[in-house]
Amino acid sequence: VTDDSLVFEGHNSGSILLTSPGDSSVDSSTSTFPISINQNVFIEFNYKTSVPFYVGLQANLGILGSTAPTYLAGVGTSDHWQKFYVNAAVFVGQAQGTSYTLYIKTSLPPGQTRGRLLLDNIQIVTF
């Protein structure tokens, strides 16, 4: 989205809009990315959301295929922008993929008829 009221920094943010009871969404990064093992690994992002969501990784194992997405953290609602960190070191150390795919999963809670998840500045931090 590019509407200034929905953007945290810069000119756009990612948006998942759920508009009907029972709606859900599972989204993944369009590009895979490497992560070196044996170091601290965090997924860092800014978010604002009226629906809870989950953040996960899938390990791509080269010719062996890939793991199922593993959801590493659940995030609650927030009516203002916040920063969140997900520790991914244990998953990366166990899965040892050649690359990884980021997953975001959300759904409308019972009784809720509309919801939006906004994400910005998603990055992998290692040290």
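A pocket here is an open set of points on a 1 Å grid over the protein atoms alone, with protein on both sides within 12 Å along at least five of seven lines. Its volume is the space filled by probe spheres set on the points, which are joined across faces, edges and corners. The largest pocket has a volume of about 160 Å³. This is a predicted model: local features need pLDDT of at least 70, side-chain atom pairs count only at pLDDT 80 or more, and totals for chains, interfaces and linings use all residues. Residues are numbered from 1 along each chain as its sequence is written, and side-chain values use heavy atoms, without hydrogens or water.

**Largest pocket**
- The lining consists of G14, S15, I16, D27, S28, S29, L102, I104, L119 and I122. A lining residue has an atom within 4 Å of a point, where the probe is 1.4 Å.
- At least two lining residues come from each of β1, β2, β7 and β8. Strands are DSSP runs of E with at least two residues, and helices are runs of H or I with at least four; both are numbered from the N terminus.
- β1 gives the most, with three residues.

**Sheet β2-β7-β4-β5**
- This open sheet has four strands in the order β2-β7-β4-β5, with antiparallel pairing. Strands count as paired if DSSP finds at least two bridges between them.
- β2 (24-28) and β5 are the edge strands, and each pairs on one side only.
- On average, neighbouring strands of this sheet are turned by 20° against each other, direction ignored. The axes are lines fitted to C-alpha atoms, and angles run from 0 to 180 degrees between N-to-C directions.
- β4 and β7 run antiparallel and are joined by eight bridges. In β7, L102 is the bridge partner of L57, and T101 is that of Q58.
- β2 pairs with β7 over five bridges, also antiparallel. D27 has I104 as its bridge partner in β7.
- Seven of the nine residues of β7 are buried. Buried means under 20% relative accessible area, exposed over 50%, and partly exposed in between, with a 1.4 Å probe and protein chains only.

**Sheet β1-β8-β3-β6**
- Another open sheet of four strands runs β1-β8-β3-β6, and its pairing is antiparallel.
- β1 and β6 (78-87) are at the edges with a single partner strand each, so one side of each has no neighbour in the sheet.
- Here too, neighbouring strands are turned by 20° on average, direction ignored.
- Seven bridges pair β3 with β6 in the antiparallel sense. F45 stands opposite F84 in β6.

**Nonpolar core**
- The largest nonpolar core has 26 residues, and F45, F53, V55, L57, V92 and Y100 have the most contacts inside it. Such a core is a set of buried Ala, Val, Leu, Ile, Met, Phe, Trp, Tyr and Cys residues joined through side-chain atoms within 4.5 Å.
- β1 (14-18), β3 (41-49), β4 (53-60), β5 (70-75), α1 (89-95), β7 (99-107) and β8 (115-126) each supply at least two residues of this core.

**Around Y100 and A59**
- Beyond its neighbours within four places in sequence, Y100 is in contact (heavy atoms within 4.5 Å) with residues including F33, L57, A59, F91 and V92.
- A59 is found in strand β4. A59 is buried, with a relative accessible area of 0%.
- Leaving aside neighbours within four places, the contacts of A59 are G65, S66, T67, F91, A95, G97, S99 and Y100.
- A59 and T98 are 39 residues apart along the chain, and their C-alpha atoms are separated by 7.3 Å.
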